[in-house]
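I set out to record what I looked up in this structure, residue by residue. The entries follow in the order in which I made them.

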Amino acid sequence: MMDPTLAEMGNHLSDAMKILESGKFGQDVVSILQLVQNLMHGDDDQQGQRMQYVGEQGHMALLGHSLAAYISVLERERLRKLTTRILSDTTLWLCRLFRYENGSAYYHEDDREGLVKVCRLVINTHYEDYATEGFTMLSSKHPVIYQSAACRPGLGQHLCSQLALPLSCLCIVPCNTMFGSLHQMDVALLDKLIRDDRESGKVPLLLIANAGTPGAGHTDKLSRLKELCVQYNMWLHVEGVNLATLALGQVSSAVTAATKCDSMTLTPGPWLGLPAVPAVTLYRHEDPALSLAAGLTSSQPVEKLRALPLWLSLQYLGHDGILQRIKHASQLVSTLPTSFWMPTLMHCVGPTLCLLDPTPRLLPFTRAVSPLFPPSPCPPISAGLGEQLAQQVPLSGVDVVELEDEGTCVRFSPLMTAAALGTQENDVAALVEKLGEMIPVLSCTLRYRQDFKDEVLQQASLSYIEDLSWPGLGGVRYEPRATDLDEDKRQHSVEKINNDLLKKLMELDTDLYFSGGPEFCEEKNCIFIGMATEDLDVAELVETIVSIGREIEESGKLFENMTEVVRRGIQEAELQLQKANEEKLMEEGVLRQIPLVGPVLNWFSPVQASVKGRTFNLAEGIDVLKGIKCHKVAHSTTCCFGQKLFRRHGAGSDSVSDTSSVSQLEESFRETAHVQANNVDEAEVPEERHVHIVEETALSDQRVPEGQETESVDTLR
C-alpha cells in the first residue's frame with residue numbers, strides 16, 4: 001500500500017503539471033478562484049473541516065490586508081499622505097487606550113520582532129559608533145540583556161540570534177525562592193547581578209519584565225524594576241497579557257507601573273478577537289535617526305500599511321467595544337466560584353486555586369501540599385484533565401501549561417481566548433460543573449495509585465509497569481510461572497496470556513477502563529488500568545487479575561498436555577500395529593502372504609485368529625473441558641451478577657477467591673490424570689464419539705468359513 005504522504009505528494013505534482021500545461025495560455029479568474037477554493041477545502045472527505053467562525057470585526061481585519069494591497073498602487077504622494085494618516089491615527093488611539101503617553105509605535109507580524117528592534121535601538125544608544133564599527137564596539141564591553149526566568153521559553157536565545165550576540169550576553173534572573181511569589185523576578189538578586197556585571201566591565205543594556213508571565217500570568221514588581229533601570233541607565237521593556245487591563249477604568253497598581261516603562265509589546269489580536277492583525281511595540285525615544293537605524297521607523301510607505309487592518313478594526317469596535325471585550329474577559333475570571341477551595345482538591349490533588357491578578361486562574365493538579373499526602377507529581381493526570389476539559393467545554397479555552405514549581409497545570413486565561421471563542425458565563429459554569437465531576441475521580445486515582453502498586457508487587461505472578469504518560473492507576477503484566485521454557489517460547493506465552501487476559505477484563509461488568517497502554521509505550525504485553533472511583537476495591541481488582549491470568553495459564557497447559565498425549569498415543573498404537581503384523585507373519589507363514597497362494601491356502605486351511613486391538617477415548621477429555629468451561633461461566637456469573645465489579649461494599653459476597661479458582665483447575669487436572677492412563681488427555685477436538693485404532697490379524701480380503709462369520713463380527717463389535 002502506498003504511503004499516504006507519497007500519494008498526496010503525487011497528487012500535488014499532478015495538479016502542478018496540469019497548471020503548468022494550462023498556464024501556457026493563462027487562465028480566467030473563475031478558474032483560478034476555483035483552484036484556490038479546492039486547495040483551501042481539500043478533498044471531499046475533508047469537507048467537514050472548515051475555518052473557524054470569523055465575526056464582522058474579524059472580516060474588517062481581513063479586509064485591511066486586501067485594501068493595503070490596493071492602496072499600495074496609488075501614486076507616491078497620495079500614498080504617503082494616506083499611510084501617514086493611518087499610522088498616526090492608530091498610534092494615537094493605542095497610546096491613549098493603554099495609557100502610554102507620548103509614545104511611538106512599531107507594527108510587526110512576529111510578536112518578538114519589536115523587542116529585537118528595541119534592542120538594536122538601545123545598542124545604538126549606548127555604543128555611538130556601532131553603526132560604523134559594528135560588533136567590534138561590543139567586544140571590549142559586552143552588553144548584557146536581563147530577563148526573568150519566567151519569560152517565555154526561547155525569547156533570550158532568539159534575541160541573541162537576531163542581534164548576532166553570544167549567549168554570554170544573556171542573563172537569566174531567577175524568580176523569588178524565599179519571599180514573595182515564585183513567578184516574580186527576584187529584584188534583590190537582579191541588583192546584585194547588575195553591580196557584578198558593571199564591576200567586571202560589562203554594560204547592562206536592557207531588562208525584560210513581565211506584566212503577566214506566559215505560563216501563570218504573574219506581574220513583576222515593575223515599580224521597583226523601573227527604579228533599578230533608572231539607577232543603572234538601563235532600558236525597561238514590559239510584555240504580557242495583563243497589559244490589556246490598562247484600558248480598563250480600574251487597574252491594579254502593579255500593572256499601572258508598566259506605563260512608565262521605556263517600551264511595551266501589545267498583542268491586541270487575541271485580546272479583541274481580531275485575526276491577522278499585527279502586534280504593536282510602543283516605545284519612547286527622542287532621536288528619530290536612531291529609531292530609523294534600528295528599524296523601528298521606515299521611510300517606505302508600504303511598510304506603514306501594516307497598521308491598516310488594526311486601523312479598520314479599532315474604528316469598527318470603537319472605544320466602548322474595545323473596553324467591553326476586555327472587561328468581559330476579566331469578569332469571566334471573577335465568575336469562578338469560591339467552591340473551588342474544596343478540601344478534596346487541596347489535600348488530594350494540589351494547592352488551592354491561585355487567582356493570578358488580574359486574569360488567569362491556574363488549576364494545579366500535580367502536587368499534594370497537605371501533610372496527609374506527600375508531594376506526588378503526576379503530569380498525565382493534569383494533562384488528561386486539561387484535554388478532557390478542552391474537548392467537553394471547547395468554548396472555555398482552557399489549556400495545559402508546564403510550570404517549573406507547580407508542574408503540569410490546567411490554565412484558564414480568558415483574555416487570550418474569550419474574544420476569539422466567544423466565551424460566555426454559561427461556558428464557565430459548564431467548566432465548573434465538569435471540574436466538579438472530574439476532581440473526585442482524579443483525587444481517588446492519585447490516592448489509589450500507590451495502593452495499586454503495592455498490591456501488584458505482592459503478587460509473584462504480576463509485574464508492575466511504570467509509565468509516566470498513563471493517567472490512570474498504572475499497568476501490570478502477568479508473568480507465567482513456568483521456568484523450563486526458553487526465551488522465545490516464554491515471550492510467546494507472555495504475549496498470549498496477557499492478550500487473552502486483557503480481552504477477559506474488558507468483558508467484565510465494571511466501571512474501570514482497561515487498555516493495552518499508551519500509543520508510544522515502550523513496555524509491551526501489558527495491561528493498563530484507567531482512573532478509579534471512590535468505592536474501588538484495589539485488592540479485589542489485583543486478585544481478579546491474578547485469578548483470571550492463572551486460569552488462562554492453566555488452560556493453556558492442559559491443551560498443550562492434551563496435544564502431547566494424543567501424539568504419544570498415536571505413536572504407541574502405530575508400534576502395536578507394527579508388532580501385531582509381525583506376529584501375524586510368524587503365525588501364518590510366508591506362503592499365506594503371497595497374493596495368489598495365500599487365498600488358496602486360506603480356503604483349504606482357514607486360520608483361526610481372534611481380533612486384537614487397542615483404543616483410547618477423546619470424548620472423556622471433551623467432558624473435562626466442558627467442566628472447565630462450566631466453572632468459568634459460574635465464576636463469571638458469581639462475580640458479575642447484580643452489581644459492578646471491584647466495589648468495596650460488594651466485595652465480601654460477590655468475589656470468588658483466588659484459592660477456589662486454582663483448586664478447581666487442580667481438580668480438573670487430576671481428573672485428566674486418570675484419562676492419561678488410558679492414553680487420554682484434554683484438548684479441544686472436533687466432536688467425535690470414539691476413535692478406535694485396531695490391530696487386525698486377518699487380511700481385509702480374507703474369507704471366513706461359514707459358522708465362524710458371526711463370531712468374528714461379534715468380536716469386532
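Before the first entry I note the cut-offs: a residue is buried under 20% relative accessible area, exposed over 50%, and partly exposed in between. I also note that the model is predicted.

Entry on V36. I located V36 in helix 2, which spans residues 29-41. I then asked how V36 counts at 40% relative accessibility.

Entry on Q147. I placed Q147 in strand 2, residues 143-148. Its relative accessible area is 6%, so I recorded Q147 as buried. I looked up its contacts, leaving aside neighbours within four places in sequence, and found among them L155, L170, V173 and M185. G156 is also in contact with Q147, and the side chain of Q147 reaches the backbone nitrogen of G156 at 3.2 Å. I checked A209 as well: Q147 and A209 are 62 residues apart in sequence, and their C-alpha atoms are 6.6 Å apart in space.

Entry on T265. I found T265 in strand 6, residues 263-266. Is T265 buried or exposed? At 4% relative accessibility, T265 counts as buried. Not counting residues up to four places away in sequence, T265 touches several residues, including H108, D111, H237 and E239. T281 is another residue that T265 touches, and the side chains of T265 and T281 make a polar contact at 3.2 Å.

Methods:
Residues are numbered from 1 along each chain as its sequence is written. This is a predicted model: local features need pLDDT of at least 70, side-chain atom pairs count only at pLDDT 80 or more; totals for chains, interfaces and linings use all residues. Side-chain values use heavy atoms; hydrogens and water are left out. Helices (H or I, at least four residues) and strands (E, at least two) are DSSP runs, numbered from the N terminus. Buried means under 20% relative accessible area, exposed over 50%, partly exposed in between (1.4 Å probe, protein chains only). Contact means heavy atoms within 4.5 Å. A polar contact is a pair of N or O atoms within 3.5 Å; within protein, one must be able to donate a hydrogen and the other to accept it, and residues adjacent in sequence count only if both atoms are side-chain atoms.
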